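Student: Could you take me through one part of this model in close detail, from its geometry to what it packs against? I would like a single connected account.

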Amino acid sequence: MMDHGLVTVILPLYRVWAFLPAAFESLRAQTYRNWECLCLDDGSDNDMVARAKAFAGEDPRFVVRACPHAGVVATRNRGLAEAKGDFVTFFDQDDLLHPRFLERMVQALEATGAGCAVCSFVAIGTESPFEPERVFPAGGDPAVESVGAPLVWALEERRDVLNVWQKVWRREALGDLFFEPRTDGADDALFSLLSLASLSRVAVLHEPLYAHREHRASVTTCNPSRYAFAKLRCLLRLAAEVPPSARAAFRRHALWKLGGIVKDYGKMDYPAATHRAIGRGVGVVLRACGLSPLRWSLGKCLRYWRYRRRYRR
C-alpha cells in the first residue's frame with residue numbers, strides 16, 4: 001500500500017527480553033513500511049539494551065536507547081516527546097502485531113478522518129511465537145465503523161477498548177496530552193479516555209490486529225495494591241474532567257470498575273490497613289459520582305440476594 005505518513009511506535013523496554021525477538025519480527029513484517037520504533041529501556045539492570053540492539057540488527061528504523069529508571073509512564077512520555085511521526089502507537093515488548101496492523105489502522109484513519117483508530121485484540125500465552133496464521137484468527141470483520149461521541153462509546157463498552165496498545169492516533173490529535181504520574185496500572189485507561197474526550201470521532205475495527213501476551217510477569221496477571229490506588233486516582237481524575245454529556249456513561253463505568261476493584265482486591269492478602277485505605281478510596285470515588293457508600297453497598301447486597309434467590313429455585 002502507499003504509506004501515508006511516518007508512524008512512531010513507542011516501545012518501552014524493561015529487563016524481560018525473552019519475547020523481544022518475536023515482537024521485533026512482527027514489527028519488521030508490517031506491510032506498512034514507513035515507521036520508526038523508539039525502543040526506550042527503563043533502566044534495566046541486565047543486558048537488555050545490548051540484546052535489543054542485537055535483535056534490531058542493521059534496521060535503522062529501530063532506535064534503541066538506555067534511559068534512567070523512571071517507570072513505564074515516564075518512559076512512554078519520553079517517547080511521545082521524541083516522536084517524529086504523523087501517527088503514534090504504543091507496543092509492549094512481549095506482544096505481537098498482525099502484519100497488517102499499521103496498514104489497516106492508518107487506512108481507517110484516512111478513510112474516516114478520525115483522530116484515533118481502535119482494533120480488537122487476542123490474548124496469547126508464553127508459548128506463542130510469531131506465526132500470524134496461528135496467532136490471529138481468520139475471518140475477522142474487515143469493515144471500519146466510524147463512531148461519534150467516542151468518550152461515551154468507550155465508557156459504555158463492556159469489552160476492553162482502553163488499552164493504548166490497540167490504538168493508533170494522529171499525532172496532532174493528542175496535542176499536549178501525556179501520561180499522568182502515579183497512574184501505573186491505570187495509565188492506559190486514563191490516557192485513552194482523556195484523549196477520546198477531545199475527539200469528535202473514532203474509527204473502530206472489529207478485527208483482531210494485536211496479540212497481547214499474558215504471563216506471570218505481566219501487569220495483567222499481577223495485583224499489587226498500588227494498582228488499586230492507581231485505578232482509584234484514575235476514576236477521580238476522570239470525574240473532574242468528564243463533560244456533562246458523558247456524566248451518565250461515566251457513572252455507570254465507574255460503578256462497574258469499583259465493583260471490580262472490590263472483588264479483585266478484596267480477596268488479596270494485604271495488611272488490614274491497606275484494605276481500609278482501598279475502602280476509603282472507593283468511598284471518595286462514589287461521592288464524586290453522587291452516591292453514598294452505604295447506598296452502593298446496600299445495592300450490591302440486594303443484587304446478590306436477588307441472584308441467589310433466582311438460582312436456588
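Tutor: In this predicted model, helix 9 covers residues 225–241, and since its 17 residues should span 24 Å at 1.5 Å a residue, the 25 Å separating its end C-alpha atoms agrees with that expectation. Its buried residues are Tyr 227, Ala 228, Ala 230, Leu 232, Cys 234, Leu 235, Leu 238 and Ala 239, and these pack against helix 8 (187–197), helix 10 (247–266) and helix 11 (272–288).

The largest nonpolar core has 54 residues, and Phe 90, Phe 191, Phe 250 and Leu 258 are those with the most contacts inside it. To this core helix 9 gives the most, namely eight residues. When neighbours within four places in sequence are left aside, Leu 258 is in contact with Leu 232 and Leu 235, and also with Val 282, Val 285, Leu 286 and Trp 296. Apart from this core lies another, of 36 residues, which includes Leu 109, Ala 117, Leu 205 and Tyr 210.

Turning to the pairing with helix 11, the axes of helix 9 and helix 11 come within 10 Å and cross at roughly 15°. Because angles under 35 degrees count as roughly parallel, helix 9 is roughly parallel to helix 11, and the crossing in which helix 9 passes helix 11 is left-handed. On the helix 9 side, the residues that meet helix 11 are Ser 225, Ala 228, Phe 229, Leu 232, Leu 235, Leu 236 and Ala 239; their partners in helix 11 include Thr 274, Ala 277, Ile 278, Gly 281, Val 282 and Val 285.

Definitions and conventions
Residues are numbered from 1 along each chain as its sequence is written. This is a predicted model: local features need pLDDT of at least 70, side-chain atom pairs count only at pLDDT 80 or more; totals for chains, interfaces and linings use all residues. Side-chain values use heavy atoms; hydrogens and water are left out. Helices (H or I, at least four residues) and strands (E, at least two) are DSSP runs, numbered from the N terminus. The expected span of a helix is 1.5 Å times one less than its number of residues. Buried means under 20% relative accessible area, exposed over 50%, partly exposed in between (1.4 Å probe, protein chains only). Contact means heavy atoms within 4.5 Å. A nonpolar core is a set of buried Ala, Val, Leu, Ile, Met, Phe, Trp, Tyr and Cys residues joined through side-chain atoms within 4.5 Å. Axes are lines fitted to C-alpha atoms, for helices over the stretch in contact, and angles run from 0 to 180 degrees between N-to-C directions. Angles under 35 degrees count as roughly parallel, over 145 as roughly antiparallel, 65 to 115 as roughly perpendicular and the rest as oblique. A crossing is left-handed if the near helix is turned anticlockwise from the far one by less than a right angle, and right-handed if clockwise.
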